[in-house]
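The sequence and structure come before the details.

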Amino acid sequence: MSARLLTVSVIAALLLCAAAPVLADTPVQWYTIDGEDSYQVAGHADRTQIVYAGTQRLAIDRQGTVTHFTATVDYDRHESGAATHATGAFSTRILANGEQHDESDGDPDYLTILNQPFSIELDAPTLRDLHSLTRAVPFDFPSPMTGALLHGSLRRLPDGTLNGRRVLGIAFVARGPLNGSLPDRPDTALSGTITMNGTAYYAYADALLLALDATLQIEGRVANSGQNDPVTIVYKRTIRPQTAP
């Protein structure tokens, strides 16, 4: 789930402002991660389900006007009664103008904080503009799995506190068409709709993404199977801040 809402929104004046990220001395941030993937064909008893649980470390390296982020995740993967241990990694960089560029992706299960629908860090003007939101605003952005355009809305949530840090909350929901295969199911062509919704919380002190809940749901039919049974696929991810282990 790697298309980032706060770097590709059509609300250019609000979410694409070209300003330097908030600078802060936060070299390492730890998170806990929980996730669940499910695949269900209507009328069939069998249901594929994968559950994830683990921790991850986000390293932050600021070099001049460029900030490098590297997330490493250590987790257990439970599927069909069997448990396996796995690791993953993802790295990206943010330029002075706020652009985010992924550098390496070793995160096939979409568990790192960098491989999610929200940018890892906001610039100062964007944080201020989000703080001043009083109503939901529209946006379009590409689906993280298929590239199809999703249409939705973004709204501010009440401020909160996480691990003693004051945070700004935002919520989103978006929907669009799906016609094609998914990265984890390349041999299955699906036709239907894709819906994304979730919440994210950014720290006021350094504009870092501290917490995330994201759900991606697909409702469709297998286009190349000769069958007409509806298929439901759901990907859920929950990421929370953690003190250093």
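## Nonpolar core

Leu58, Ile113 and Ile120 touch the most other members of the largest nonpolar core, which has 55 residues. Such a core is a set of buried Ala, Val, Leu, Ile, Met, Phe, Trp, Tyr and Cys residues joined through side-chain atoms within 4.5 Å. Buried means under 20% relative accessible area with a 1.4 Å probe, protein chains only. Strand β10 (residues 209-222) gives the largest share, seven residues. Strands are DSSP E runs of at least two residues, and helices are H or I runs of at least four, numbered from the N terminus.

The model is predicted: local features need pLDDT of at least 70, side-chain atom pairs count only at pLDDT 80 or more, and totals for chains, interfaces and linings use all residues. Residues are numbered from 1 along each chain as its sequence is written, and side-chain values use heavy atoms, without hydrogens and water.

## Aromatic pairs

There are two aromatic pairs. Ring centres of Phe, Tyr or Trp (its six-membered ring) must lie within 6.5 Å; planes over 60 degrees apart count as edge-to-face. Tyrosine 52 and tyrosine 75 pair edge-to-face, at 6.1 Å centre to centre and 65° between the planes. Tyrosine 52 is in β2 (residues 47-63) and tyrosine 75 in β3 (residues 66-79), so their pair ties together parts 23 residues apart in sequence. Both tyrosine 52 and tyrosine 75 are buried.

Phenylalanine 118 and phenylalanine 172 are also edge-to-face: 5.2 Å, 70°.

## Aspartate 123

Aspartate 123 sits in the loop between β5 (100-106) and α3 (124-131). Its side chain makes a 2.6 Å polar contact with that of threonine 126. A polar contact is a pair of N or O atoms within 3.5 Å; within protein, one must be able to donate a hydrogen and the other to accept it, and residues adjacent in sequence count only if both atoms are side-chain atoms.

Conventions. Buried means under 20% relative accessible area, exposed over 50%, partly exposed in between (1.4 Å probe, protein chains only). Rings of Phe, Tyr and Trp (its six-membered ring) pair if their centres lie within 6.5 Å; planes under 30 degrees apart count as stacked, over 60 as edge-to-face and the rest as tilted.
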